[in-house]
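Morning, everyone. Please look at the model on the screen while I talk.

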Amino acid sequence: MQHLPAPVGGPGRRVVHHESCWIPTGEPDFTLDQALRELARPGSEACTACEARHLPRS
């Protein structure tokens, strides 16, 4: 997961990456269940570069 700064007066964003993503995050790895829970939270989104948006949904 990657934490992105919030615009002035706005909420921050969290981007979930696949483990093979080329974008370094420096964050600990999630299990699939943890990643799916994070994607369900407001302010979280899947990385479009690494196809994390295609994680299997339960």
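This is a predicted model: local features need pLDDT of at least 70, side-chain atom pairs count only at pLDDT 80 or more; totals for chains, interfaces and linings use all residues.

Residues are numbered from 1 along each chain as its sequence is written, and side-chain values use heavy atoms, with hydrogens and water left out.

Start with the core. A nonpolar core is a set of buried Ala, Val, Leu, Ile, Met, Phe, Trp, Tyr and Cys residues joined through side-chain atoms within 4.5 Å. Buried means under 20% relative accessible area, exposed over 50%, partly exposed in between, using a 1.4 Å probe and protein chains only. The largest nonpolar core has eleven residues, including V15, C21 and L55. Which gives the most? That is α1, with three residues. Helices (H or I, at least four residues) and strands (E, at least two) are DSSP runs, numbered from the N terminus.

Now R14. It sits in strand β2. Is R14 buried or exposed? R14 counts as buried because its relative accessible area is 14%. Its side chain makes a polar contact with the side chain of E38, at 2.6 Å. A polar contact is a pair of N or O atoms within 3.5 Å; within protein, one must be able to donate a hydrogen and the other to accept it, and residues adjacent in sequence count only if both atoms are side-chain atoms.

Last, E51. It lies in the segment after β3 (44–46). At 36% relative accessibility, E51 is partly exposed. The C-alpha atoms of E51 and C21 are 8.4 Å apart, though 30 residues separate them along the chain.
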